[in-house]
Each structure stands twice: as structure tokens, then as C-alpha cells.
Amino acid sequence: MKYYDDFLKMLDWTDEQIESQRDRVENMLNKISADSPEAIQHAIDHVNVGFDLSIPGVATLCGLAVEQLVRNVHIKEDFKYFVGLNQPVAPPMILGMLFAAYEAAKAGNNVLHINGVITNCINTLGMIFDKYNAVLEAGELIGQAAGKAHCAYYQAQAGLYDLGIIPVPDMVISSGWFCDQGAETDELIADKFGFETIPLDGCNDYPWDSKPTQREIKYMASTLDRAVARVEELTGLKVTKEHSMKGWEFFNGIATALGEIFVVVGQSDPQCISQGDVGFLYTQSLFPPNLDNAPKQIEAFQKVLAEAKRRVSEEIGILPKGSPRVFCSMRTACDARTIKVIEETGLAVAAMFVDLPYLWDFEPPIVPQEEATSNMMAVEYFFKRPGITDIKSAARYHAYVTKQTNCDGAILGYVFNCRPLCGPIMMYKDHFEKETGKPALVLEMDSYDSRMYSAEQIKTRIESFAEILKLQKNLS
């Protein structure tokens, strides 16, 4: 029995799994500076503050995140090539490559590891071990300083390589679709660490109120085709249509379960489960697990859904019935407490981010199915999300979801390290209040860096907003 055994068991690791992974677990703990009884006790306390482990499935998902971190630390020992995928790119973009690599590994050819490794590290180091800030600080010291309009995601990427927590990849697929920061910053980091970058080229200057066209989708899919072709050239793997279809089947299973959880939690009154716990499920969906664990991940999602439905049927809630309801535009990937602070002020968080269906989701495919390749389908899925294609789609989404979920107001995240999200925030607030007649609070938040604010500071501001909503609700 080692000092970390009870911690791993708390996260649904079995005795056999712990014994078989002991050397790798200890190497991971050493790399993240959590190799002491005190650090593990801190992680236990941190997890119990951030998550409700009494919800079936949540502990399992935390355990899978830790297992994926162990796997990511040892990529170069296990695989010949490591290809990274950087945000903001949706999981369907790499699922064909992921399944090709998985089938090769099952046949004894560990040629390729491809995954959202940085997202997993941010998520797990921040939400589970509370060892994330040191990674950001390391990244800032080698050129990714805060305040230079560089997303903290890329500070984390640089810090993870510099600290040796994860190995430097052979290649990184860089997102230039939603924002030019990704491709630009990957070039800077690649110059220091010596990896190849394959940018996904796109246009960020969309007209107001314009959804993507067939021409744009086909062009952007061609840049993804180029990335797949380069991965095939590097590794010798062939990504087939069958691999892509298996990827979509896997993703649809995750998206269906997650979407139903969003709806059940959003419609519940009293609110049945904290959005802090639901948010962890969301971030888990951003990096596919070791595919041997895919059934376990989907089963955990289904358990959370079943528990949410049970609580709704028995009217069990985390807040009193009839609490004011809000839409919150931003999820955090490194600190679950931010969302729980909102709920602690007495506000039910009915909807978040771009989780629920949007108007464009109900329209026919832009590229007809008989013409669409898997990569075109992936691009269309991504670019139909509100705010990805144009600014007004995000503004309209905020108002649309607020009406759909009967919210009393909105909390709009001012993400000052993200150029696409910080620029139009006051336009969003103005549009929301004119469209709905309800108040909106602009609140400083960041998906990848919670050092910019504290839970205590934002709680003070939210409490005042909550009092306004409670007063309005009582008067109506």
C-alpha cells in the first residue's frame, strides 16, 4: 500500500490496475510534483471541493482523466510518433486518425499517439491535482507571457514541454479556424522545441449574421485533408473511410449522452446537479480516451444522466425550487469552483457556453450528404457552433438559449486572453439586453487560467447580481 493508493481507489481505479501501473503512476506524480503524501492529500481535498463524487460516474471520469495523464506522460515510450491536436478544434477532426492508430496498436504496431493531450493536462492538473499554475508560470518564462493576447492554453503547452511533463510532439495540428492565435503561437513554440506544425487555414473575418457557405466548408476541409495526408506520410498509417465512420459513431455516442444531460439539468427545477460537475463531463469529451476505455467513458456519462433523471423525479436539487435561472456563456477547463460559486449565490445555471442546440442545427446540411466527406462533415459541425462563424450568431445564441431555458438573466464571460471572445463582449451584452429585456452581467473569466480572478472576488460581484434577479423574480 502506497500513499496514493486510496486516492486512486477513490477515483475508481482497481487494485489490479494500480499494481500494474505503479511505476508509471509514480513517474507521472514525480513529473507534476505531486509525489508526496501531502500533495496527494491536497489533491483529495481539491477533488472533493470541485466535484460531487456521490454522483455515479463522476469518480470514474476523474479516474479516466488521471489514467490518460499517465498515458500522456509516457507517449514516447509507448509510441513511435506523437501528433498533437490543439484547441480550438472539435474532436471529430481527428477521430479517423485516432481509430487508425488504435487499430494499428491492437495489431501490435504502436506507431502513432494522437489526442488532445494539452486539454487533458490542463483539465487534470487543474481540476484534480491543483498543480496547473506552475505549468502556466513556466510557459510565461519562455515567451508566452500573459497580456500579449496569447491564450493561456498556449502558455500551458509551452510550460508542459519545458517542464518535461509531456514529451515534445513530432507534429502539431494547429487551429487557425476560430482564431489566428493557435497557428501563430504554435509557430513560435515550434521554433523553440523543434516540432513540425500543420495549420488548419480558415477565415476569421466573417460578415455579420452569415453562416458558413459550401465553398468555405470545402476549402477548410481541404486543409484538414492536407493534415491527414501529412500524418499518413509521417507514420505510414492509412486513414480510411471506415476509420472515420467509427470515429463518428464514437463521437455521436458521447454527444448524445452529453446533450441529454445538458437538457435534463437545464430544465430541472430545482437544479438537480451542479454545472461544475457537468462541465467536467464537457471537458472530458474534448479529448477522446484510450479507446479501450471508450465504453467505460460512455457508461459513466450514462450513469450521470440516470442520476440526474432520478433527482428530477424525486425533486432533489442543489438549490431551492424557483431559484432565479441564468445562462452563463463560458465554461472553465481548469477550475470547477468558478461555476459552483455562481450556484452558491442562489442562482440556478440552466445553460452554459454553446452546449444546447442552435437554430442552424435544425437546418439541412450545408454540404449535401451525398457530396460530403467525413472531413467536410466535421468542419460543418464545428462551424455551425455559435460564435465560430460570425459574431452575431453568438449574440443570437445567448438570447435564444435564455428564452428556451426560461432564464432570468445572463452572465457573459469576458475572456481577456482570447481575442475572438473578449472583443465583442459589450456588443453581446447590448444585444442580449435589448433582445430579451433581461439583465446581463459581464464577468472576468478565463477557460485556461484562473489566476486572473479568484472565486471569492467573483462571488462578491455575482451576489449583487443575484440579489437583483431575486428581487425581479419576486416582483414578477
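Two strands count as paired if DSSP finds at least two bridges between them. I kept that in mind while going through this predicted model.

**Entry 1: strands S5 and S6**

I started with S5, residues 325-328, and S6, residues 348-352. I counted the bridges between them: four, with the strands running parallel. That meets the rule of at least two bridges. I then looked up the partner of Arg325 and found Ala348 in S6. Next I followed the chain from S5 to S6. The path goes through helix H16, residues 337-344, and the β-α-β crossover is right-handed.

**Entry 2: helices H13 and H14**

I turned to a helix pair. Two packed helices are described by the angle between their axes and the distance between the axes. I looked up both values for H13, residues 241-267, and H14, residues 275-285. The angle is about 165°, and the axes lie 11 Å apart. Angles over 145 degrees count as roughly antiparallel, so I logged H13 and H14 as roughly antiparallel to each other. The hand of the crossing came next: H13 passes H14 in a left-handed crossing.

Which residues meet across this pair? From H13 I listed Ile254, Leu258, Ile261, Phe262 and Val265. From H14 I listed Gln275, Val278, Leu281, Tyr282 and Ser285.

**Entry 3: the loop between H13 and H14**

I checked the loop between the two helices, where Pro270 is found. The peptide bond joining Asp269 and Pro270 is cis. I noted its omega as about 10°. For context, most peptide bonds are trans.

**Entry 4: positive phi**

I then went through backbone angles. Most residues other than glycine have a negative phi. I wrote down two residues against that background.

Ser33 is not a glycine, yet its phi is positive, about 60°. I placed Ser33 in the loop between helix H3 (22-31) and helix H4 (37-50). Is Ser33 buried, partly exposed or exposed? Its relative accessible area is 48%, so I marked Ser33 as partly exposed.

Glu315 also is not a glycine, and its phi is positive at about 55°. I found Glu315 in the loop between helix H15 (294-313) and S5. That took me back to the strand of my opening entry. The relative accessible area of Glu315 is 55%. The cut-off for exposed is over 50%, so I marked Glu315 as exposed.

Definitions and conventions:
Residues are numbered from 1 along each chain as its sequence is written. This is a predicted model: local features need pLDDT of at least 70, side-chain atom pairs count only at pLDDT 80 or more; totals for chains, interfaces and linings use all residues. Side-chain values use heavy atoms; hydrogens and water are left out. Buried means under 20% relative accessible area, exposed over 50%, partly exposed in between (1.4 Å probe, protein chains only). A crossover is right-handed if, with the strands pointing away from the viewer, the path from the first strand over the helix to the second runs clockwise. Axes are lines fitted to C-alpha atoms, for helices over the stretch in contact, and angles run from 0 to 180 degrees between N-to-C directions. Angles under 35 degrees count as roughly parallel, over 145 as roughly antiparallel, 65 to 115 as roughly perpendicular and the rest as oblique. A crossing is left-handed if the near helix is turned anticlockwise from the far one by less than a right angle, and right-handed if clockwise. Contact means heavy atoms within 4.5 Å.
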